Amino acid sequence: MVGVGPVARLLAVGWWKRDAERSLEPVQINGGPGLLVRVDGEIDGVLAVRVENGYVTGAYHVRNPEKLSRVERETAVSR
């Protein structure tokens, strides 16, 4: 998806059509802003946002359960 209009329509209408309780929680993903998406209390996905010069230039929605397995806990980083 490219452009403000299509992305805004997806977030406003298309994403919420299922009959389920959904919630969004602001989180930090890979050092940047994002949203943790829960459906009926369970993690459904993560929306990571790329920001450049104050503008959102990319949004990435990850739903692969293998990639989401570490979302609930912090990972220690060493130098």
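How many of the 79 residues of this protein, as a percentage, count as buried? The figure is 20%, where buried means under 20% relative accessible area, exposed means over 50%, and partly exposed lies in between, using a 1.4 Å probe and protein chains only.

Good morning. The structure before you is a predicted model, in which local features need pLDDT of at least 70, side-chain atom pairs count only at pLDDT 80 or more, and totals for chains, interfaces and linings use all residues. Residues are numbered from 1 along each chain as its sequence is written, and side-chain values use heavy atoms, with hydrogens and water left out.

Let me begin with the overall layout. The protein contains 2 helices and 4 strands; both are DSSP runs numbered from the N terminus, a helix being H or I over at least four residues and a strand being E over at least two. Along the sequence, these elements follow the pattern α-β-β-β-β-α.

I turn now to the sheet. The 4 strands form an open sheet in the order β1-β2-β3-β4, with antiparallel pairing; two strands pair if DSSP finds at least two bridges between them. At the edges are β1 (22–29) and β4 (55–62), each of which pairs on one side only. On average, neighbouring strands of this sheet are turned by 25° against each other, direction ignored; here axes are lines fitted to C-alpha atoms, for helices over the stretch in contact, and angles run from 0 to 180 degrees between N-to-C directions. As background, strands of a sheet pair through backbone hydrogen bonds, either parallel or antiparallel.

Consider the pairs in turn. Strand β1 pairs with β2 (residues 32–39) in the antiparallel sense over 8 bridges, and Pro26 has Leu35 in β2 as its bridge partner. These two strands form a hairpin with 2 residues between them, and Asn30 in the turn has a positive phi of about 50°.

Arg38 lies in strand β2. Why does Arg38 count as buried? Arg38 is buried because its relative accessible area is 18%. A polar atom of the Arg38 side chain lies 3.4 Å from the backbone oxygen of Gly41.

Finally, the surface: the protein exposes about 6,400 Å², of which carbon and sulfur atoms supply 52%, with areas taken from the Shrake-Rupley method with a 1.4 Å probe and, for residues, only the protein chains shown as cover. Thank you.

Conventions: Polar contact = N/O pair within 3.5 Å; in protein donor to acceptor, adjacent residues only side chain to side chain.
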